[in-house]
Amino acid sequence: MQTQFNTIVIIGKFMRESAVQLMRKDLVDLAQHLQAKSIQVLFESRTAEHAQINDFKTVSLDDIDQRADLVIVMGGDGTMLSAARALKKSSVPLVGINRGHFGFLTDLRAEEMLQSVDAILTGEHQTEARMMLNASVIRGGKTILQDHAFNDIVLKSGLRLIELEVTIDGKFIHKQRADGLIVSTPTGTTAYALSAGGPILHPGLDAIALVPICPHTLSNRPLTVNSHVKIEIAVVQVDHAAISFDGQSQLDLALGDCVRVERASESVTLLHPREYCYYEMLRNKLNWG
């Protein structure tokens, strides 16, 4: 088989040992199938450890970008988010095999994974670049954290409301008292932002959604802005709150903290089957008529 992907890394749902053990057979079947096509196969190290796969070489998540031509992720959207964030400085494309719940990002069916992967290897696929967000937390004039998100950056209170002041490109937008605020990429609008009543944005849009979580003032509505703006969110009243990135890394916030959010220079490259249609995916995942 002629393919541009000579080295492929396989990542399973390594965050949960019990989950990745359940998919061990599928992981091994996929690896052996690729190996039979003279493709070098590497397993992400924690995937191999938790699934007790010992017959293949391994690579750490941080080193994948130096070794892989393609990454195949087997799991759910959370596993894909972990892989995307780890590979944010790389152009290595990602393919997702759904073994999770919704599978908005992992669109190959496990039952058809070998045929679907074969088609992708021979060039029968769509290539899509999706934006990421970059955020800095400023405290006392110093940057104490900088991180990326593929889905969303969430500022969320504990037991009581948090009060936030939002400016965009230096222009005051509002103060809001709410359970929190979601700053979402188009990809993330089918995640937490959707549950909070935000809009669904097509992933091809250059846009960012700001979605309040249970705002105290009911007229406070979701807002969609151009992705090239600079967003600043100041914490002006807080009991306990935290900021999270894709729900996978977190930092407690303090009174006076400022969160600066903008579009990241990095993007995520996804490969979809040739017949992939975003609207059909939404219709199926959200049970539209």
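**Ground rules.** I am working with a predicted model, where local features need pLDDT of at least 70, side-chain atom pairs count only at pLDDT 80 or more, and totals for chains, interfaces and linings use all residues. Residues are numbered from 1 along each chain as its sequence is written, and side-chain values use heavy atoms, with hydrogens and water left out.

**Largest pocket.** I looked up its volume and found about 480 Å³. A pocket here is an open set of points on a 1 Å grid over the protein atoms alone, where a 1.4 Å probe fits, with protein on both sides within 12 Å along at least five of seven lines. Grid points are joined across faces, edges and corners, and the volume is the space filled by probe spheres set on the points.

I count 18 lining residues (those with an atom within 4 Å of a point). Asp 107, Leu 108, Arg 109, Asn 284 and Lys 285 lie nearest the centre. Strand 6 (108-109) and helix 8 (278-285) each give two or more residues to this lining. Helix 8 has the largest share, with four residues. Helices (H or I, at least four residues) and strands (E, at least two) are DSSP runs, numbered from the N terminus.

By class I find six nonpolar, five polar and seven charged residues. Ala, Val, Leu, Ile, Met, Phe, Trp, Tyr, Cys and Pro count as nonpolar, Asp, Glu, Lys and Arg as charged, and the others, Gly among them, as polar.

**Second largest pocket.** I noted a volume of about 360 Å³. The lining has 22 residues, and Gly 76, Asp 77, Gly 78, Phe 102 and Gly 103 lie nearest the centre. Helix 5 (77-86) and helix 8 each give two or more residues. The largest share, four residues, comes from helix 5. This lining holds ten nonpolar, nine polar and three charged residues.

**Helix 5.** Is this helix mostly covered or uncovered? Eight of its ten residues are buried, so I logged helix 5 as mostly covered (buried means under 20% relative accessible area, with a 1.4 Å probe and protein chains only). Among the buried residues are Asp 77, Met 80 and Arg 85.

I traced six strands in an open, antiparallel sheet, in the order 14-13-12-9-16-17. Two strands pair if DSSP finds at least two bridges between them. Strand 14 (223-226) and strand 17 (249-253) are at the edges with a single partner strand each, so one side of each has no neighbour in the sheet. Inside the sheet, five bridges join strand 9 (residues 152-157) to strand 16 (residues 241-245). I checked one of them: Ile 153 has Phe 245 in strand 16 as its bridge partner.

Notes:
Buried < 20%, exposed > 50% of the residue type's maximum accessible area, 1.4 Å probe, protein only.
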